[in-house]
Amino acid sequence: MRTAPDRRAFLRTGGLAALALGAQGAPALGATAGMTGRDTTGAVSGPRPADWRALADGLAGKVIRPGDASYDSARRLFNPTFDAVRPAGVAYCANPSDVAECVGFARRLNVPLAVRSGGHSYAGWSTGTGLVLDVSRMSKVSHAAGRARVGAGAKLIDVYDRLAASGVSIPAGTCATVGVSGLALGGGIGVVSRKYGLTCDVMESVQLVTADGQLLTCDANRNADLYWASRGGGGGNLGVAVSFEFRTHPAREVTVFFLHWPWSKAVRALRAWQAWGPSAPDALWSGMHLSRDGGTDVQVVGLYLGGRADCERLLDRLADAAGSPSSSYVRQTSYRQAMLTMAGCGSLSVAQCHLGGSLPGQTRGGRLSRDTFTAKSHMAYRPLSEAGAGALVAQVARPGNHTVLLDALGGAVARVRPDATAFPHRTALYSVQYYAHRAGAATWARTAHAAMRPHFGDHAYVNYTDPELGGWRTAYYGANATRLAQIKAARDPGRLFRLPQGI
């Protein structure tokens, strides 16, 4: 038996997730407000130094400006690709009142606004040249009576850790440092989604600061339009999320597994996995990784909400179709340890499973690193044919450092109507992420994505934001795009929250 591998070691992140991570997550709560300029009315066209000082004095949190000792650290996102962006200020908000103050500052003084939770926006839209509103300080996690109250700035590894102390959890992604808000607002594909649904499916309520500075509680009965849109509509479109309430599930022992096949069996393993993973019992989630990064590799990773023996019987069915794996690792462990393992932190403590530093969201003992990457996505609504599987394997085999990550859906995800939340991809079999590093990464991602379009169609996941994506409204939102646009027009008619791919 092998030593327990890290799910994302090949991504060099110890944490950037293929599960929406976010990040992902995802885009974090990225938002930009355009500089409109109102010189003829006598309004100021931008903030003066005194305005920035007044903002800082009015916050319980902290504003960091160019020239401050921590500015170069505070302005950075997870992806160093965007390091050249230099915000005029970064506000670490301590409470909803701070958020409202920052929103008002941006509105009154025509300051471009970018809102940041985990800083994992694939397009870099959680930074900008104006004010970056960071919610990382708002990270409290509590549990009572089957509900978790989670601050918008909480990082996923901390959510898992703090809820585990109460013997519960929520369905979420694998990237340790993704902020919960970016993940949840875009949907939230994760390792127990097939059993418990997407992160947005267990969202009971969300508190938003809207463009007019109001703090609104949004649920099925109050501000129901914003509640619907906040479950899959993507961050940064309708306001700044400050806290969530989620339904929880029991966090018992689980089984994690990592299987490998030789590259010569890649097409067979891929076709076997796509027939097995999305139709497995709901308690089993899996993902397939096809990688070229110092060599080619075929890997299936996953988690089973149950014991090892039952898990191995299910894995035997995959092996019957794909052929015997060349190596395997199957282990029963605690839910908390499983989340560390899936985050690439299997040998680290929770404190170490963070970016290092002293700013909110970081830890002094953090051992994770930032990652330079390019990514694109598809959502697979039908299985790949033999030709389609061969085309995908051929793209991965091209020179470079890249991975295609396929994450199984189905189960509880598919039992929700496509129009019940803003997340439309309920009948997709799995998500597809093209993830590349180093020289030539963008070219490989574009070429692979284009080559697979005839096989996967024009569906994409909003948490894997792709600034080059054509027809992004339909790709991200499907038939839900029209309703989202109507809610946007009613709730933010002045378009304070403005993204290049904003609804």
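About 80 Å³ of space lies in the second largest cavity. The model is predicted.

**Exercise 1. Find the second largest cavity and state which classes line it.**

Step 1. Start with the count. A search of the whole structure finds two cavities of 30 Å³ or more.

Step 2. Locate the second largest cavity. Twelve residues line it. Nearest its centre lie Leu185, Ser230, Gly234, Leu238 and Gly239.

Step 3. Sort the lining by class. Six residues are nonpolar, six are polar and none is charged. Gly counts as polar here.

**Exercise 2. Describe the largest pocket by volume, central residues and lining class.**

Step 1. Take the volume. The largest pocket holds about 330 Å³.

Step 2. Find the centre. The lining has 23 residues, and Ser73, Arg76, Gly118, Leu355 and Gln362 are the closest to the centre.

Step 3. Classify the lining. Ten residues are polar, eight are nonpolar and five are charged.

**Exercise 3. Work out which elements contribute to the lining of the second largest pocket.**

Step 1. Take the volume. The second largest pocket has about 230 Å³.

Step 2. Find the centre. Among its 15 lining residues, the closest to the centre are Tyr122, Phe373, Thr374, Ala375 and Pro467.

Step 3. Pick the main contributor. Strand β17 gives the largest share, three residues.

Step 4. Classify the lining. Seven residues are nonpolar, four are polar and four are charged.

**Exercise 4. Determine how helices α1 and α3 are oriented, and which residues join them.**

Step 1. Helix α1 spans residues 49-58 and helix α3 spans residues 96-109. Their axes come within 10 Å and cross at roughly 165 degrees.

Step 2. Apply the cut-off. Angles over 145 degrees count as roughly antiparallel. Therefore α1 is roughly antiparallel to α3.

Step 3. The crossing of α1 past α3 is right-handed.

Step 4. List the contacts. From α1 come Asp51, Trp52, Leu55 and Gly58. They meet Asp98, Glu101, Cys102, Phe105 and Leu109 of α3.

Step 5. Classify them. The contact of α1 with α3 has five nonpolar, three charged and one polar residue.

**Exercise 5. Decide the orientation of helices α8 and α9 from their packing angle.**

Step 1. Helix α8 (residues 266-276) packs on helix α9 (residues 308-322) at about 140 degrees. The axes are 8 Å apart.

Step 2. Test the angle. Roughly perpendicular covers 65 to 115 degrees, and roughly antiparallel needs over 145.

Step 3. The crossing of α8 and α9 is right-handed.

Step 4. List the contacts. Arg268, Ala269, Ala272, Trp273 and Trp276 of α8 take part. Their partners in α9 are Leu314, Leu315, Arg317, Leu318, Asp320, Ala321 and Ala322.

Step 5. Classify them. Nine residues of the contact of α8 with α9 are nonpolar, three are charged and none is polar.

Conventions
Residues numbered from 1 in each chain as written. Predicted model: local features only at pLDDT ≥ 70, side-chain atom pairs only at ≥ 80, totals over all residues. Heavy atoms only, no water. Axes fitted to C-alpha atoms, helices over the stretch in contact; angles between N-to-C directions. Helix = DSSP H or I, 4+ residues; strand = E, 2+ residues; numbered from the N terminus. Parallel < 35°, antiparallel > 145°, perpendicular 65-115°, else oblique. Left-handed = near helix turned anticlockwise from the far one by under 90°. Contact = heavy atoms within 4.5 Å. 1 Å grid on protein atoms, 1.4 Å probe; cavity = no way out; pocket = protein on both sides within 12 Å on 5 of 7 lines; lining within 4 Å. Points joined across faces, edges and corners; volume = space filled by probe spheres on them.
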